[in-house]
Amino acid sequence: GQPLGPRRLSLKPVPKVPSMEAFLREAAVKVKQQARGCLAPELCLQAVRAATEMPFAEGVRREQELFRVLLSSGQARALQYAFFAERAVRRWATPAGASWSSAAPQPVRKAAVIGLGTMGQGIVTSLVKASIPVVALEQDLEYLNKGRKAVMLLLEREAMKMEGGAQSLDFHNPARLQFTVDFDLLRDVDLVIEAVFENMTLKKEIFHKLSKICKPGALLCTNTSALNIDEIASATSRPQQVIGTHFFSPAHVMRLLEIIYGRYTSPTAIATAMQLAKALKKVGVVVGNCFGFVGNRMMFPYVQQAVFLLEEGSRPEAVDRVLEDFGFKIGPFRMSDLAGLDVGWRSRQGQGLTGPSLPAGTPARQRQGQRYSPLPDLLCEHGRFGQKTARGWYQYEKAGGRTAMPDPWLHSFLSHYRDTHGIKTRFIDQEEILERCLFSLINEGFAILAEGIASGPEHLD
């Protein structure tokens, strides 16, 4: 028989918490760091602040105002676009007429990974997390043991993040994860992912071996970032089973999986690779075969412009800051240091752009009539490969360190380089950095669409 009035919490005054101001200030700093440039987390914080300062009804009104700001923002539209684009890429099609609606995947009950470098380790980890039994293969026992150690460490870390812990992954069970140097253990796998380094001769050798050993229906995948899928397939007796599965580094974290079909790749092979992407909780994007495919092909001119900006007077930290403020998770130079500068260096040596196969008398800053910057090559010649050597475009506290710090050695190296080549430095503003990096990225995207390498703009985005 009591009246209900006093029980209604929303009518009670908001209690004053003594340390609230300090707490909210600290939270604001954290949000700014973790969600750089993102509106929603900052406005969420403002809504919480309103709840501590205003009576209930006013606080709710304030929250509605903030929500309306977000609802009509460009960021909301962009996120909605990204959400639907990720779903649109499941509906793939090739110019030859194969498509998602008519091709059925084969089951993958057991997989193998060849090569336990950085990429191989991440791919093995992804497969184990997806409960697909894996055979991990290396060329000799020394590399195998090194790879096994690294994989076990990654899996321990992943298990700690999961609810069931190590039991749920069960990666100490040889039926789930087996390490070997014996190719014969690949006889019964449904799918092999080759993840050795970017060397065409080596890859062809491995694929020749695989086509003799693997069962006829097995899918042969190559984790290459730029090499020609058709040339790799030519080393096998079954080019229809060969497909590119380009994982991005670190492979157990990055959600993108580029799936590259060659001239003879069968629709079933594409469907199976897409099904694998789904099992690994990755976004599979089907693209055509050209140098660099889509991801790296768009990255080349973007990073190239960033390097040209250094030649003309900018610094790595200035370029990275502008692109990160714009919304990129990581700028081009921090990204290069993370991925390893030696990867691109090896690729350029293979193309004859640098190294011993470069014809004598080639101008330092020109290749095939186009502007070229030897800066990344010079850093590699100094043994600066990025995070792995604690020195790259930045310096790091130790080899494998993650914190990028501006490097005075690099700054003086740059000014010496400019003097050598008679380059006059000038002040480069944010606008120019943004336009030169982004427009070259976008232009390359249009070229990829025009050539039919990607079947729609969502695939590029």
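Colleague: Which strand pairs with strand 1, and in what sense?
Modeller: Strand 1 (residues 111–114) pairs with strand 4 in the parallel sense, over four bridges. Two strands count as paired if DSSP finds at least two bridges between them. Strands here are DSSP runs of E with at least two residues, helices are runs of H or I with at least four, and both are numbered from the N terminus.

Colleague: Before we go on, what kind of model is this?
Modeller: This is a predicted model: local features need pLDDT of at least 70, side-chain atom pairs count only at pLDDT 80 or more, and totals for chains, interfaces and linings use all residues. Residues are numbered from 1 along each chain as its sequence is written, and side-chain values use heavy atoms, with hydrogens and water left out.

Colleague: Back to strand 4. What stands opposite its glutamate 194?
Modeller: Isoleucine 114 does.

Colleague: And which strand do four bridges join to strand 4, running parallel?
Modeller: Strand 5 (residues 219–222). In that pair, valine 192 stands opposite leucine 220. The chain gets from strand 4 to strand 5 through helix 8 (residues 200–213), and this β-α-β crossover is right-handed. That is, with the strands pointing away from the viewer, the path from the first strand over the helix to the second runs clockwise.

Colleague: Are the faces of strand 4 covered or open?
Modeller: Both faces of strand 4 (residues 191–194) are covered. Leu191 and Ile193 are buried on one side, Val192 and Glu194 on the other. Buried means under 20% relative accessible area (1.4 Å probe, protein chains only), exposed means over 50%, and partly exposed lies in between.

Colleague: How much of the protein is buried?
Modeller: Buried residues make up 45% of the 461 residues.

Colleague: How many helices and strands does the protein have?
Modeller: There are 18 helices and ten strands. The C-alpha trace spans about 85 × 65 × 45 Å along its principal axes.

Colleague: New topic, the backbone. Where is the cis peptide bond?
Modeller: It joins serine 249 and proline 250, with omega about -5°. Proline 250 lies in the loop between strand 6 (242–247) and strand 7 (256–261). Most peptide bonds are trans, and most residues other than glycine have a negative phi.

Colleague: Which phi does alanine 390 have, positive or negative?
Modeller: Positive, about 70°, although alanine 390 is not a glycine. Alanine 390 sits in the loop between helix 15 (375–381) and helix 16 (408–420), and is buried, with a relative accessible area of 10%.

Colleague: What about serine 131?
Modeller: Serine 131 is not a glycine and has a positive phi of about 60°. Its place is in the loop between helix 5 (118–129) and strand 2 (134–137).
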